[in-house]
Amino acid sequence: MIQDAFWGILIPFLGTSLGAGCVFFLKNSLRDGIQRALTGFAAGVMVAASVWSLLIPAMEQAADLGRLAFFPAAAGFWLGVLFLLLLDHLIPHLHQNSLQAEGPKSQLQRTTMMVLAVTLHNIPEGMAVGVVYAGYLAGTVQITAAGALALSLGIAIQNFPEGAIISMPLRAEGMKKGRAFWGGVLSGIVEPIGAVLTILAAGIVVPALPYLLSFAAGAMLYVVVEELIPEMSQGQHSNVGTVFFAVGFSVMMVLDVALG
């Protein structure tokens, strides 16, 4: 079981690293249409994962509360939203295609703040994988090895384009290919770290598992609405982002139901 969890939490990081490696093979930055498609796909995966892999299991685990079974999911969800809102205000970062940095004023370089923006984005994904594997290790009936693997694979799939989305602009900003690659890789290192910390926290407080599941869901949905949806809708009107949002949602839904 521990070996399954170890490899499971590394899979999303591998997806980010492989995507960052695109900087060695692609000459130019990603076209707007491709970037919108990849961002929409990532948003769709995250929304589906939040519902099927996190919120529904959170409510199932609280079923003994009867009509109040929604409470842990609702409370954890809002804590996750507020946590990301707090990080958004405390950490200086610069979103893709944005001219103005968010968070406190700082003297950090644009490239550093771009990496921080993606790192912020990856925190809830790492927590999501960690809490699902924590449920699996705790022997929770609602979370199987296949179900945990489905979430890990889904996030790895959407991390591949994310790795490219960060390394390619870093290259376009003037970074050498090697440094741009490592910038993309480092933006994803927070995922296995967050996963391990979440597993440890859940192991200490097993009854908190429904709250942690929904916490990760709230944090992920905050990222989708605050960052990904605006990014896939920027510029000239296009339905590409919306269509690929549906594709990403479908892929994650099928993975979760088929493997879970």
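**Figure 1. Val131 and its contacts in the predicted model.** Val131 touches Leu54, Thr198, Leu209, Leu212, Leu213 and Ala216, leaving aside residues up to four places away in sequence. The model shown here is predicted. Val131 also belongs to the largest nonpolar core, where Leu54, Val131, Val132 and Tyr133 have the most contacts.

**Figure 2. The largest nonpolar core holds 49 residues.** H8 gives the largest share, 13 residues.

**Figure 3. Thr119 in helix H4.** Helix H4 covers residues 110-137, and Thr119 lies within it. Is Thr119 buried or exposed? Its relative accessibility is 17%, so Thr119 counts as buried; the cut-off for buried is under 20%. Which residues does Thr119 touch, not counting those up to four places away in sequence? The partners are Ser187 and Val190.

Figure 4. Seen here are Ile56, Met59, Leu65, Leu68, Phe70, Phe71 and Tyr211, which make a nonpolar surface patch of about 630 Å². Two elements give two or more residues to the patch: helix H2 (32-61) and helix H3 (70-90). Tyr211 sits in helix H8, residues 209-232. Patch residues need over 30% relative accessible area.

**Figure 5. The whole protein, for orientation.** The protein has 9 helices and 0 strands. From the N terminus on, its elements run α-α-α-α-α-α-α-α-α. Along the principal axes, the C-alpha trace spans about 55 × 35 × 35 Å. A compact globule of 260 residues would have a radius of gyration near 18 Å; the protein has 18 Å, which agrees.

Figure 6. Of the 260 residues, 52% count as buried. The accessible surface comes to about 12,200 Å². Carbon and sulfur atoms account for 70% of that surface. Contacts between residues at least 6 apart in sequence were also counted. Among these, 81% join residues at least 24 apart.

Conventions
Residues are numbered from 1 along each chain as its sequence is written. This is a predicted model: local features need pLDDT of at least 70, side-chain atom pairs count only at pLDDT 80 or more; totals for chains, interfaces and linings use all residues. Side-chain values use heavy atoms; hydrogens and water are left out. Patches are made of residues with over 30% relative accessible area and no salt bridge: like charges are joined within 9 Å, nonpolar side chains (Val, Leu, Ile, Met, Phe, Trp, Tyr) within 5 Å. Accessible areas come from the Shrake-Rupley method with a 1.4 Å probe; for residues, only the protein chains shown count as cover. A salt bridge is a side-chain nitrogen of Lys or Arg within 4 Å of a carboxyl oxygen of Asp or Glu. Helices (H or I, at least four residues) and strands (E, at least two) are DSSP runs, numbered from the N terminus. The radius of gyration is taken over C-alpha atoms; the globule rule is 2.2 Å times the number of residues to the power 0.38. Buried means under 20% relative accessible area, exposed over 50%, partly exposed in between (1.4 Å probe, protein chains only). Contact means heavy atoms within 4.5 Å. A nonpolar core is a set of buried Ala, Val, Leu, Ile, Met, Phe, Trp, Tyr and Cys residues joined through side-chain atoms within 4.5 Å.
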